[in-house]
Amino acid sequence: MAIPIGLIGIGVMITLAMHHNSNSNANSTAQEPNPAGPETVTPTPQQQTIQPLPQQPRAEPILPLKPLANPVGTPITRSSSSTCWFQMQSGGSLIGERCRITQRTNVNGDRVFDVVEPSGLKRSVVLWNNTDVEVFLDGQRYTGTWRIDDDGDVRIRLPGGTFAFRPPS
């Protein structure tokens, strides 16, 4: 006849509790002088409660390391490899790329940022003090607005979408 493992565990717990209780009863039958005086009541064996066994600390499971995962509790940092971000669809999030970004002065004396994608596509960006921006792409001029975002990157909003770049230091 097979006895389920769960019942064996319960039986062990009951045996330990009974053993603990019988030791307590043996100790309580020997009357010791009561240092507190006659008013203190010593509990009878029927009034004593069974104390739970102290819990053993559970061993933490050993999990395999995940080399591609970030350690828990460390701040998430942005990849320094991305230098430009483009919106691939209207209203979508910005997707990072590694662009080559240079700064130069044009013939008018204005500062121009050249943002060159890995494919070689080049945008020339002129930022104005009033938050206006001019972007030149494939011979076309586009106008919009710009701002510095929370990461210190230049974020440009044009009628066709948004993009950002990290200016060279």
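Q: What makes the contact between Arg-166 and Asp-153 a salt bridge?
A: The N to O distance between their side chains is 3.1 Å, and a salt bridge is a side-chain nitrogen of Lys or Arg within 4 Å of a carboxyl oxygen of Asp or Glu, so the pair qualifies. Arg-166 sits in the segment after strand E9 (161-165) and Asp-153 in the loop between strand E7 (140-148) and strand E8 (154-158), so the pair links parts that are 13 residues apart in sequence. Strands here are DSSP runs of E with at least two residues, helices are runs of H or I with at least four, and both are numbered from the N terminus.

Q: What kind of model is this, and which pLDDT limits apply?
A: This is a predicted model, where local features need pLDDT of at least 70 and side-chain atom pairs count only at pLDDT 80 or more, while totals for chains, interfaces and linings use all residues. Residues are numbered from 1 along each chain as its sequence is written, and side-chain values use heavy atoms, with hydrogens and water left out.

Q: Why is Asp-153 called buried?
A: Its relative accessible area is 0%, and buried means under 20%, exposed over 50% and partly exposed in between (1.4 Å probe, protein chains only), so Asp-153 is buried. Arg-166, at 26%, is partly exposed.

Q: How do you know that Asp-149 and Arg-155 form a salt bridge?
A: Their closest N and O atoms are 3.4 Å apart, so the pair meets the distance rule. Asp-149 is buried at 9% relative accessibility, whereas Arg-155 is partly exposed at 29%.

Q: Why do Glu-134 and Arg-141 count too?
A: Their side chains meet at 2.6 Å, N to O, so this is a salt bridge as well. Glu-134 is buried, with a relative accessible area of 14%. By this rule the count comes to five salt bridges.

Q: What makes Phe-163 and Arg-123 lining residues of the largest pocket?
A: A lining residue has an atom within 4 Å of a pocket point; on a 1 Å grid over the protein atoms alone, a pocket is an open set of points where a 1.4 Å probe fits, with protein on both sides within 12 Å along at least five of seven lines. Phe-163 and Arg-123 are among the residues that line the largest pocket.

Q: Which strand gives the most to that lining?
A: E9 does, with three residues. Strand E1 (84-87), strand E6 (132-137) and E9 each supply at least two.
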